[in-house]
Amino acid sequence: MDFPRVGSNIEVQSYKHNGNLHRVWEETIILKGTSHEVIGGNDRILVQESDGRQWRTREPAICFFTSKHWFNVIGMIRNDGIYYYCNLGTPFTYDEEALKYIDYDLDIKVFPDMTYKLLDEDEFTLHKKQMNYPDEVEIILRRTVDELVSWISQQKGPFEPGFIEYWYERFLQYR
C-alpha cells in the first residue's frame, strides 16, 4: 500500500459495507504518513454527504488513522477543550485518489474530561440487518469498542495529553 507524503493535501472517503460512498472530507493536510499510521490536520473544510448535502467543519481537527485497528479518531480543538470523535470502521487503505475506510456506524464521543459516550447503536443494528454485516464484523467491532475505551482510560495514542496540541502546531506550519 502506498501512503500519503507529509505536506500533501488528500481527500478522505468513508464507505458503507455495501460499497456505497458515505462521506467525503475535501482536504486534509498530511502531518505523518506511513503504511501503519496517518495523521492529518484540517480546519473548516467542506464535507460532502452521500445524499448530496454539504457542510463545513466548525473547528480545527487532527485526524488519526491506523492500518492495524478498526477505528479512527478525530481530535476537535474547541475553546473549552479537545473533543474526540471515534469512528468504528475498517483500518484505512490509501491510493492516489484518497484515504479510504468502511464506516460501521458505531461512534464514541469523548469529552475534554475524558468521559465518553457510545453513539449510534440503533443505526448499527439497522444497517447490520439491511447490509448483512457478517457476525465476524460485529465481534471485531465489539472488541474494538473495548479497545478504544481502554485507550481512552489509559490516555493512549491520540488521547495522550499533548498529542493533539503537538500535531496541531505541526499543522499550523502548513497553513
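**Note on the cores, aromatic pairs and annotated sites**

1. Strand β10 is where D105 is found (strands, E, of at least two residues and helices, H or I, of at least four are DSSP runs, numbered from the N terminus). The model is predicted: local features need pLDDT of at least 70, side-chain atom pairs count only at pLDDT 80 or more, and totals for chains, interfaces and linings use all residues. Residues are numbered from 1 along each chain as its sequence is written, and side-chain values use heavy atoms, with hydrogens and water left out.

2. D105 is not a glycine, yet its phi is positive, at about 75°. Most residues other than glycine have a negative phi. With a relative accessible area of 1%, D105 counts as buried (buried is under 20% relative accessible area, exposed over 50%, and partly exposed in between, with a 1.4 Å probe and protein chains only). R44 is another non-glycine residue with positive phi, near 50°. R44 sits in the loop joining β3 (37–43) to β4 (46–49) and is partly exposed, at 47%.

3. A buried lysine. K16 belongs to the loop between β1 (9–15) and β2. Its relative accessible area is 7%, so K16 is buried. The K16 side chain makes a polar contact of 3.3 Å with the side chain of D103 (a polar contact is a pair of N or O atoms within 3.5 Å; within protein, one must be able to donate a hydrogen and the other to accept it, and residues adjacent in sequence count only if both atoms are side-chain atoms). Leaving out residues up to four places away in sequence, K16 touches H22, I102, D103, D105, E123, H127 and M131 (contact means heavy atoms within 4.5 Å).

4. Largest core. The largest nonpolar core has 31 residues, and I62, V73, Y84, I108, V110, L148 and F159 touch the most other members (a nonpolar core is a set of buried Ala, Val, Leu, Ile, Met, Phe, Trp, Tyr and Cys residues joined through side-chain atoms within 4.5 Å). At least two residues of this core come from each of β2 (21–33), β6 (60–66), β7 (71–78), β8 (81–89), β10 (99–110), α1 (121–131), α2 (135–154) and α3 (163–172). The most is given by α2, with six residues. Not counting residues up to four places away in sequence, I62 touches L31, I39, G40, G41, V73, I74, G75, I164, W167, Y168 and F171.

5. Second core. A separate core of 17 residues includes V38, I74, Y83 and Y101. Of these, Y83 has the charged end of R78 over its ring, 4.6 Å from the ring centre (a charge sits over a ring if NZ of Lys or CZ of Arg is within 6 Å of the ring centre and within 35 degrees of the ring normal).

6. Aromatic pairs. The count comes to 12 aromatic pairs (rings of Phe, Tyr and Trp, the last by its six-membered ring, pair if their centres lie within 6.5 Å; planes under 30 degrees apart count as stacked, over 60 as edge-to-face and the rest as tilted). F65 and Y101 form a tilted pair, with ring centres 6.2 Å apart and planes at 45°. This pair links distant parts of the chain, since F65 is in strand β6 and Y101 in strand β10, 36 residues apart. Both F65 and Y101 are buried. F163 and W167 are also tilted, with ring centres 6.4 Å apart and planes at 55°. These two residues are four apart in helix α3, so about one helical turn separates F163 from W167. F163 is buried at 15% relative accessible area, and W167 at 10%. One aromatic cluster is formed by F64, F71, W151, F163, Y166 and W167.

7. Strand β2 and the annotations. An unreviewed UniProt entry marks R23 as "active site"; such annotations may be inferred rather than shown by experiment, positions are given in the numbering used here, and feature names are shortened. R23 is in strand β2 and, residues up to four places away in sequence aside, touches V12, Q13, S14, V47, Q48 and E49. W25 is found in strand β2 too and is buried at 12% relative accessibility. With neighbours within four places in sequence left aside, W25 is in contact with E11, V12, S14, I45, L46, V47 and Y101. The unreviewed UniProt entry also gives "domain: DUF402" for residues 18–156. Across residues 18–156 the chain is 22% helix and 50% strand, with the end C-alpha atoms 32 Å apart.
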